[in-house]
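Please walk through this structure with me, from the sheets to the contact between the chains.

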There are 2 protein chains.
Amino acid sequence: MTASKTPEGGSPLKIAAVIFPGFELLDVFGPLEMFGLLGELTEITMATMEQSPMASAAGPKVLPDALISEVDTQDILLIPGGIGTRALVKDPGFLEALRLVAAEAKIVASVCTGSALLAKAGLLDGRQATSNKLAFEWVTSQGPHVLWQPKARWVADEKFWTSSGIAAGIDMSLALIAHLFDKALADEIANRAEYLWNQNPNDDPFVLGISIE
Amino acid sequence: MTASKTPEGGSPLKIAAVIFPGFELLDVFGPLEMFGLLGELTEITMATMEQSPMASAAGPKVLPDALISEVDTQDILLIPGGIGTRALVKDPGFLEALRLVAAEAKIVASVCTGSALLAKAGLLDGRQATSNKLAFEWVTSQGPHVLWQPKARWVADEKFWTSSGIAAGIDMSLALIAHLFDKALADEIANRAEYLWNQNPNDDPFVLGISIE
């Protein structure tokens, strides 16, 4: 891995994760593990609405690096899901901050119910998108003009990438690495993480109504 | 899921994760996602040597809940790996704190190079254990009296559970949920996380020398 492999010919890949109270741990740290394994090829920022520690849905607290309003142009803006999304879809201040930072980002990638936030902000209108299967009804109600896909591990529609529930964000992140760098590097990262990558976005083992035992 | 399903007949499952500078994100948050989905059945503590934010290997910083020395008897003590383990194996103060807290814990579970810390503390002598495959030589050098298993997704030897690299910790955690509660609950958690659980500890796709494409 050399610096010349970065998209901009030397500058690191800038990734900001939007963190809020009640975010889902793996929605954030599955993707950030994959991007983090790129080492010096990435620069990760934890972006929040307030400069205070943010407790995840499970409890562990993360310290922010910057306010969402301070974040400049990002290569990837990561939007996790979690129970905290239920309050944020009713928060006009958050939705406006999300619209502004998403407009600047080169790629906007959501995991799980994170797509409900993008939908409510109007960013997915007329686009294909997906979300967590167990919260699908609530998520889709946040964006009546979105072309919701009930069977997809992840969906890419121009700069908007949306994944299914929780662990699906890891598969989408490896696909993003393949998209921004190359497939061999994504394979290498999956190997280093000892993660069996589901490489096919249409292979969705958790499609509604099917339970995996 | 009812409170009566907890191991102690009502009290939540107490889980402490040992966090240090340079910990690997997914080693911690893969397992804590699975345990966290148990909801009120669990109580999670982020335990550190100092009361200050701990930066992961990838950058994001976590806020501690308690000092390792303050942690009482835990149902599960989680020991992640990460580049920070290289310094900790040379830190007698940390190793002594680890010995004390591990002695009290009902189950001690490590992910990736976390088993190097347990090995260096002498806790795995005469026991079967495994670790990250790409760091296997360094890890095994930390515990010459450990019965290291080069092919295993995870290994359980009495109260010591050790997993292979990074994502393998998720599989081990689901096996711990099956062990402490029941298999149906572990299946339910894997489904909710939309995670394809590798349920066989002997099925190790990342055994040394085999590269997955």
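This is a predicted model: local features need pLDDT of at least 70, side-chain atom pairs count only at pLDDT 80 or more; totals for chains, interfaces and linings use all residues.

Residues are numbered from 1 along each chain as its sequence is written, chains are lettered from A and ligands numbered from 1 in the order in which they are written, and side-chain values use heavy atoms, with hydrogens and water left out.

In chain A, 7 strands make up an open sheet with mixed pairing, in the order E5-E2-E1-E6-E7-E11-E10. Helices (H or I, at least four residues) and strands (E, at least two) are DSSP runs, numbered from the N terminus; two strands pair if DSSP finds at least two bridges between them. The edges of this sheet are strand E5 (66-67) and strand E10 (154-157) of chain A, each of which pairs on one side only.

Helix H1 (residues 25-36) of chain A lies across strand E1 (13-18), E2 and strand E6 (76-79) of chain A, at about 160° to E2(A). Helix H3 (residues 92-104) of chain A lies across E1, E6 and strand E7 (107-110) of chain A, at about 155° to E6(A). Axes are lines fitted to C-alpha atoms, for helices over the stretch in contact, and angles run from 0 to 180 degrees between N-to-C directions.

A:Trp154 stands opposite A:Ser163 in E11(A). The two strands form a hairpin with 2 residues between them, and A:Glu158 in the turn has a positive phi of about 50°. The side chain of A:Glu158 also meets that of A:Arg127 in a salt bridge (3.5 Å, N to O); the term means a side-chain nitrogen of Lys or Arg within 4 Å of a carboxyl oxygen of Asp or Glu. A:Glu158 lies in the loop between E10 and strand E11 (160-163) of chain A, and A:Arg127 in the loop between helix H4 (114-120) and strand E8 (128-129) of chain A, so the pair ties together parts that are 31 residues apart in sequence.

What joins chain A to chain B? E4(A) and strand E4 (residues 61-63) of chain B pair in the antiparallel sense over 3 bridges. A:Val62 has B:Val62 as its bridge partner in E4(B), and A:Lys61 stands opposite B:Leu63. These strands belong to an open sheet of 4 strands with antiparallel pairing, in the order E3(A)-E4(A)-E4(B)-E3(B). Its edges are strand E3 (54-55) of chain A and strand E3 (54-55) of chain B.

The contact takes 42 residues from chain A and 42 residues from chain B. Between the two chains, 2 salt bridges are counted. In one salt bridge, B:Lys61 pairs with A:Asp65, with the closest N and O atoms 2.7 Å apart. On the side of chain A that touches chain B, H1, E2, strand E4 (61-63) and helix H7 (183-192) of chain A each supply at least two residues. The largest share, 8 residues, comes from H1(A).

Note on methods
Contact means heavy atoms within 4.5 Å.
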